[in-house]
Amino acid sequence: MSAGDHFYLDKADPGSWRALNGLARKVAAAAEDAGLSRALVELLNIRVSQLNGCAYCLDLHTGYAVEAGVSAQKLAVLPAWRETELFDDLERAALAIGESVALLPDEETRLAELAVARAELTDEQYSALQWTAVAINAFNRVSVLSRHRVRPRAAASEGHPPGERAAEEPAPDAPRTPSTVAGGTA
């Protein structure tokens, strides 16, 4: 295999890909059981994907967020969520957890951030949000390493729903439904 050959990590080892999707289904169930909304989970998925530079997951989860009712305004300012009053305390806690998991700052910073988030959440929510961030991080890395591409999509007015799969390559063998990764897939 030369450096120019396209290698799809998800397709190279379908068993591991299915296992990752299995984890994602468990995480999605934990988030639902904890009473976390799909909109909240998608905000976390998008923020982590922004930090990881995963265009494929950003495209996919932005569509899911729109379907879940997240406003265009919130999506537009998400990278600067700390600088606006648009996000409630639960959303702020989720976003802080997502950033902490994605960036793994020094221990003192990480513990301080997580302590503030923890004060807003039940044990179940705190756990589910951390697992959601871990899962989307894994999917981001698979998509980035596989160079999953995003192709232009026709305008929604032309009948293409938000969240429509936009990668050029065929879907991996695992189902990609909104319930696969804590409210969406990567």
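**Close-up views of a predicted model**

View 1. Helices are DSSP runs (H or I, at least four residues), numbered from the N terminus. This is a predicted model, in which local features need pLDDT of at least 70 and side-chain atom pairs count only at pLDDT 80 or more, while totals for chains, interfaces and linings use all residues. Residues are numbered from 1 along each chain as its sequence is written, and side-chain values use heavy atoms, with hydrogens and water left out.

H4 itself covers residues 55-67. Its buried residues are Tyr-56, Cys-57, Asp-59, Leu-60, His-61, Gly-63, Tyr-64 and Ala-65. From first C-alpha to last, the 13 residues of H4 reach 19 Å, close to the expected 18 Å; the expected span is 1.5 Å times one less than the number of residues. Just after H4 you will find Gly-69, with a positive phi of about 100°.

View 2. Rings of Phe, Tyr and Trp (its six-membered ring) pair if their centres lie within 6.5 Å; planes under 30 degrees apart count as stacked, over 60 as edge-to-face and the rest as tilted. By this rule there is one aromatic pair. Trp-17 and Phe-139 have ring centres 5.3 Å apart and planes at 85°, so the pair is edge-to-face. The pair links distant parts of the chain, since Trp-17 sits in helix H2 (residues 14-33) and Phe-139 in helix H8, 122 residues apart. Trp-17 is buried at 4% relative accessible area, and Phe-139 is buried at 0%.

**View 3. The end of helix H8.** With 24 residues, H8 reaches 35 Å from its first C-alpha to its last, close to the 34 Å expected. Arg-147 lies in the segment after H8 and has a positive phi of about 55°, although it is not a glycine. At 37% relative accessibility, Arg-147 counts as partly exposed.

**View 4. The loop between H6 and H7.** Leu-104 lies between helix H6 (89-103) and helix H7 (107-118). Its phi is near 45°, a positive value in a residue other than glycine. For comparison, most residues other than glycine have a negative phi. Leu-104 counts as exposed, at 58% relative accessibility.

Technical notes
Helices (H or I, at least four residues) and strands (E, at least two) are DSSP runs, numbered from the N terminus. Buried means under 20% relative accessible area, exposed over 50%, partly exposed in between (1.4 Å probe, protein chains only).
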